[in-house]
Structures are given as structure tokens and as C-alpha cells.
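Take a look at the fold below. This report walks through its parts, one region at a time.

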Amino acid sequence: MNQNEQGTGLSMSAQDVATPGRTKEILKKNHLVLKKSLGQNFLTDGNVLRSIISAAELAPDKGALEIGPGIGALTQQLAKEAGRVVAVEIDRRLLPILEETLAPYETAEVIHGDVLKLDLRDIISEKFAGMSGISVVANLPYYITTPIIMKLLEEKLPLENIVVMIQKEVADRMAAKPGGKEYGSLSIAVQYYCEAQQVAIVPRTVFVPQPNVDSAVIRLRLRKEPAVAVTDEAFFFEVVQASFAQRRKTIYNNLAARFFTKETKPELEALLLGVGIEPIRRGETLSMEEYARLTEALLNCPSCNRSK
Ligand SMILES: C[S@@+](CC[C@H](N)C(=O)[O-])C[C@H]1O[C@@H](n2cnc3c(N)ncnc32)[C@H](O)[C@@H]1O
């Protein structure tokens with residue numbers, strides 16, 4: 001057991017790929033040059049694996065959907081904890097390697113494909129039938145982190161947790177509370193569907209090859225109901241987007257530019273005050289509840305031009 005693997009709680013063995021030595025050996029043996037364009041930075045640290053696995057709250061009657069298994073570092077550990085693991089990998093060159101590294105794990109299956117194009121609802125219902133809960137667990141390719149997360153959330157997939165390693169800066173934005181510069185439309189979109197919690201900060205040194213940024217593990221626990229009740233979800237997100245269109249502008253100026261004309265915009269001031277929001281505030285200071293109230297008021301305002 002090397003230093004990284006001490007006290008992980010995971011039973012790391014010789015067949016596990018999550019060490020720098022084993023990872024480099026596998027890449028060399030297979031003459032594999034990793035593709036930066038696919039976000040191929042492979043994890044080589046048992047401690048980080050442990051924090052990902054423990055945050056996912058897996059059990060033998062639960063399933064794990066992994067996005068981007070690489071050479072199987074995380075997949076192997078998922079297979080030890082979950083009853084079933086399905087891993088979606090886009091890079092065909094990795095399939096024979098995964099076949100080898102996952103050979104001891106009968107419950108792990110790899111699907112070749114682009115996660116953004118696959119029908120994940122179908123995959124979940126076909127592959128995880130009868131399981132008591134399903135979580136997405138992944139070290140995500142950084143170039144498509146937000147589209148992946150938004151796909152998982154907007155398709156309202158039947159998930160318990162989404163535990164992902166992502167760029168630290170993006171994790172900060174997802175978990176941000178009102179008032180700071182990280183808080184924005186991504187924070188609201190994520191927290192509308194989930195409770196977000198950063199679980200670990202991960203230095204770039206634990207990857208092969210090293211990325212240019214540090215990472216964080218974030219757990220998104222899916223809510224049973226969205227954080228706030230709104231009658232028109234799409235419009236709620238449109239209002240949020242509009243409010244952050246120009247971060248330095250006031251909520252009044254951003255909303256006026258998007259939904260009102262020169263003639264109708266005086267009504268916006270009264271509307272904001274009517275829902276307890278000072279027009280001079282900036283979008284980054286509004287809570288999700290305030291955005292929900294604002295959305296309902298705009299929906300009921302005849303001068304609000306939604307198709308502008
Ligand atoms: C950051 S690596 C993680 C690899 C491995 N899970 C680990 O932790 O070492 C991201 C993985 O996602 C794969 N990938 C990139 N784009 C993808 C896509 N659109 N669909 C599925 N997999 C993708 C890459 O080929 C790569 O294996």
C-alpha cells in the first residue's frame with residue numbers, strides 16, 4: 001500500500017489502477033496518448049476516491065452511473081460498493097483497457113457513447129431496474145461539466161445524488177449563496193433542484209496528466225421538490241438569466257432591458273417594490289425565494305413583454 005492509499009477505507013489491491021505508477025504503466029503498455037480535447041486527466045489517488053465514494057452513499061442495492069470511466073480508476077471502486085455500475089465512455093480506444101481493468105467486476109458494464117447524446121432515462125430504467133436508488137458518480141470531463149449537469153437536472157432523471165469531481169471554480173459557483181461574486185444563474189439552477197455541498201478540494205497533482213486547475217468534489221443531493229414553487233419553470237430561469245445579464249447593473253436595469261419598453265418600464269419599479277425588492281439591488285443579492293416572487297409578479301404583469 002503506498003502513502004496515498006493509507007487509511008482510505010477502500011481495499012486497494014494490485015489490480016487497482018488508481019496509482020500514478022499503475023496508470024502510467026497501463027497507458028504505456030497500450031501506447032495511449034491522452035486527449036486534452038476529451039478532458040482526459042486520470043485520477044491516481046486513493047484518498048480522493050474514498051471521499052467520492054463515501055459522498056455517494058452507495059450500497060449493494062443501489063446503482064451507480066459513471067460518466068467517463070477513463071481506464072477504470074473510479075469504476076473499480078464503485079463496483080466494490082454499488083450493486084451495479086454502468087459507465088459511459090466516449091473514447092473507443094479505452095474500451096479494451098476497461099475490459100481488462102474491470103474484468104474482475106461482474107457488476108460493472110461499459111457503454112460506448114457520448115453522454116450528451118444518450119438517452120439516460122432509458123439507460124437508467126433498463127440497467128438499474130429494481131435498484132433502490134441510483135446516483136451519478138464521476139470525475140467529469142471539464143470541457144462539458146455544465147452541459148452534463150444541466151442535462152441530468154433538466155431531464156429530471158430519477159437520481160439520489162450526483163457526486164462529481166469538477167473544476168473548483170465551477171464547484172464554488174454551484175454551491176454559492178447570495179451575496180458573493182460566485183453566485184449566479186448556475187448556483188440558482190443547481191440549487192433549485194439539489195442541495196449542493198462541496199465534499200473535498202483536490203489539488204491538480206493527483207491527476208495524470210496534471211490539469212491547469214484545481215478541482216473539487218461536490219455532492220448534489222436531489223430534492224424531492226424544487227427549492228421554490230413556481231408556476232412557469234422556464235420563465236423563472238429566464239428571469240434569473242436576465243437578472244445576471246450584466247452583473248454590474250441593477251436588477252431594475254437588467255429586467256427593464258429584457259422585458260419592458262421605455263414607456264412601460266416605470267411599472268417595473270412598482271412591481272419590484274411590491275415584492276419587497278429594492279430596484280437598486282443587483283441580481284447577485286437576491287435569494288431564490290425572491291426570484292420566485294419576482295417571477296410570479298412578472299407573470300401577472302401585462303406590461304412585461306416575455307417575447308422581447
Ligand atoms: C477526467 S477523465 C476521468 C477518467 C476516470 N474516471 C478517472 O477518474 O481517472 C474524463 C473521462 O470522460 C471521457 N469523456 C469525455 N467526453 C465524454 C463524453 N461526451 N461522453 C462520455 N465520456 C466522455 C474521457 O474520455 C475521459 O475518459
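UniProt, in an unreviewed entry, annotates residues 48–224 as "domain: Ribosomal RNA adenine methylase transferase N-terminal". The model shown here is predicted. Within residues 48–224, 34% is helix and 28% is strand.

**The whole protein**

The protein has 12 helices and 9 strands. Its C-alpha atoms fill a box of roughly 70 × 40 × 35 Å along the principal axes. Of its 308 residues, 39% are buried. Now take the contacts between residues at least 6 apart in sequence. Of these, 69% join residues at least 24 apart.

**The sheet**

Seven strands form an open sheet, in the order β4-β3-β2-β5-β6-β9-β7. The pairing is mixed. At the edges sit β4 (108–112) and β7 (194–202), and each of them pairs on one side only. From one strand to the next, the twist averages 20°.

How do strands hold on to each other in general? Strands of a sheet pair through backbone hydrogen bonds, either parallel or antiparallel.

| Strand pair | Sense | Bridges |
|---|---|---|
| β2 and β5 | parallel | 4 bridges |
| β5 and β6 | parallel | 4 bridges |
| β6 and β9 | antiparallel | 7 bridges |

Single residues show how these pairs line up. K62 has G133 in β5 as its bridge partner. V136 stands opposite I162 in β6. I162 also stands opposite L220 in β9.

How many of the 7 residues of β5 are buried? The count is 6, so β5 is largely enclosed by the rest of the structure.

A helix covers part of this sheet. Helix α6 (residues 145–154) packs on the sheet and touches β2 (62–67), β5 (133–139) and β6. The direction of α6 makes about 170° with that of β6.

**Around the ligand**

There are 22 residues around the ligand. F42, G68, G70, N139 and P141 come nearest. By class, the shell has 13 nonpolar, 6 polar and 3 charged residues. Three elements, β1 (42–43), α3 (73–81) and β3 (84–89), each supply at least two residues of the shell.

The unreviewed UniProt entry also lists a "binding site" at N41, L43, G68, E89, D114 and N139.

Start with N41. Its place is in the loop between α1 (20–29) and β1. Is N41 buried or exposed? N41 counts as buried because 23 C-beta neighbours lie inside 10 Å, and the cut-off for buried is 20 or more. Leaving aside neighbours within four places in sequence, N41 is in contact with F207, P209 and P211.

Now take D114. It is found in the loop between β4 and α5 (120–127). D114 has 10 other C-beta atoms within 10 Å, so it is exposed. The cut-off for exposed is 12 or fewer.

**Backbone details**

P209, one of the contacts of N41, has a feature of its own. A cis peptide bond joins V208 and P209, with omega about -15°. P209 lies in the loop between β8 (207–208) and β9.

Two residues other than glycine have a positive phi. H31 has a phi near 50°. This residue lies in the loop between α1 and β1. H31 counts as exposed because it has 7 C-beta neighbours inside 10 Å. K156 has a phi of about 50°. K156 lies in the loop between α6 and β6. With 11 C-beta neighbours inside 10 Å, K156 counts as exposed.

**A buried helix residue**

Finish with Q191, which is in helix α8 (residues 185–193). Why does Q191 count as buried? There are 21 other C-beta atoms within 10 Å of its own. Not counting residues up to four places away in sequence, Q191 touches A196, A227 and M288. Q191 and V228 are 37 residues apart along the chain, and their C-alpha atoms are separated by 9.8 Å.

Definitions and conventions
Residues numbered from 1 in each chain as written. Predicted model: local features only at pLDDT ≥ 70, side-chain atom pairs only at ≥ 80, totals over all residues. Pairing = 2+ DSSP bridges. Axes fitted to C-alpha atoms, helices over the stretch in contact; angles between N-to-C directions. Contact = placed C-beta atoms within 7 Å. UniProt positions renumbered as here; feature names shortened; annotations may be inferred. Near = placed C-beta within 6 Å. Nonpolar A, V, L, I, M, F, W, Y, C, P; charged D, E, K, R; others polar.
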